[in-house]
Amino acid sequence: MRFTTQASRRDAPELSLVPLIDVVLVILIFLSVTTTFSQVGQLRIDLPEGEAQTAQEPETIHVQITADGQVFVEGVAVPTQDVAALRQALVRQAPAKSDPVVVIEADAATPHQRVIDALRAAQEAGLAKVTFAVEQPQ
């Protein structure tokens, strides 16, 4: 004979998935109705007409420094490794150009001191705009 007790008569708890699915569907419908999609392609903007001047390339003075430290200003070699000689070469080039930009094109193996000397010479020549030329990595 099998005797049953009150505790064994209880049913196992059940989890009904139907209300859960109903709630998820209601949330999904709510989000799909309230979401705005970007419609940039449909924007119609009539821009005003006007004339603009094209930007002029700044006048430049090119200073090339080779790997062994030789310096060239606009393709002309500077005979000595002296900062004063480089300054004089920059001063000779500057009057022909209005507010020039000094472009330093130094080899990757150039001694650092030669680049510093070129910067100092540009500063002493009164040329405030200095930039460096680099290669784009491939």
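Reader: Hi! I've landed on Asp117. Where is the place of Asp117?
Author: Welcome! Asp117 sits in helix H4. Keep in mind that this is a predicted model.

Reader: Thanks. Does Asp117 count as buried or exposed, and why?
Author: Asp117 counts as buried because its relative accessibility is 9%, and the cut-off for buried is under 20%.

Reader: And which residues does Asp117 touch, not counting those up to four places away in sequence?
Author: With those set aside, Asp117 touches Val83 and Leu86.

Reader: Let me zoom out. How many helices and strands does the protein chain have?
Author: There are four helices and five strands in the protein chain. Starting at the N terminus, the order is α-α-β-β-β-α-β-α-β.

Reader: How much of the chain counts as buried?
Author: Of its 138 residues, 19% count as buried. The accessible surface comes to about 11700 Å², and 57% of that belongs to carbon and sulfur atoms.

Reader: Back inside, then. Which residues of the largest nonpolar core touch the most other members?
Author: That core has 19 residues, and the ones touching the most other members are Val63, Ile65, Val73, Val78, Leu86 and Leu90. Two or more residues each come from S1, S2, helix H3 (83-93), strand S4 (101-106) and helix H4 (112-124). H3 gives the largest share, five residues.

Reader: New topic: where is Ala67 found?
Author: Ala67 lies in the loop that links strand S1 (60-65) to strand S2 (71-73). It counts as partly exposed because its relative accessibility is 37%.

Reader: What is Ala67 in contact with, once its neighbours within four places are left aside?
Author: Asp107, Ala109, Thr110 and Pro111. Also, the C-alpha atoms of Ala67 and Ala108 are 7.1 Å apart, although 41 residues separate the two along the chain.

Reader: What share of the chain's contacts with a separation of 6 or more comes from residues 24 or more positions apart?
Author: Such pairs account for 67% of those contacts.

Reader: Last one: which residues form a nonpolar patch on the surface?
Author: Leu15, Leu17, Leu20, Ile21, Val24, Leu25 and Leu28 form one, with about 730 Å² of accessible area together.

Reader: And Leu20, where is it found?
Author: Leu20 is in helix H2 (residues 18-34). Leu20 counts as exposed because its relative accessible area is 51%, and exposed means over 50%.

Methods. Residues are numbered from 1 along each chain as its sequence is written. This is a predicted model: local features need pLDDT of at least 70, side-chain atom pairs count only at pLDDT 80 or more; totals for chains, interfaces and linings use all residues. Side-chain values use heavy atoms; hydrogens and water are left out. Buried means under 20% relative accessible area, exposed over 50%, partly exposed in between (1.4 Å probe, protein chains only). Contact means heavy atoms within 4.5 Å. A nonpolar core is a set of buried Ala, Val, Leu, Ile, Met, Phe, Trp, Tyr and Cys residues joined through side-chain atoms within 4.5 Å. Patches are made of residues with over 30% relative accessible area and no salt bridge: like charges are joined within 9 Å, nonpolar side chains (Val, Leu, Ile, Met, Phe, Trp, Tyr) within 5 Å. Accessible areas come from the Shrake-Rupley method with a 1.4 Å probe; for residues, only the protein chains shown count as cover. A salt bridge is a side-chain nitrogen of Lys or Arg within 4 Å of a carboxyl oxygen of Asp or Glu.
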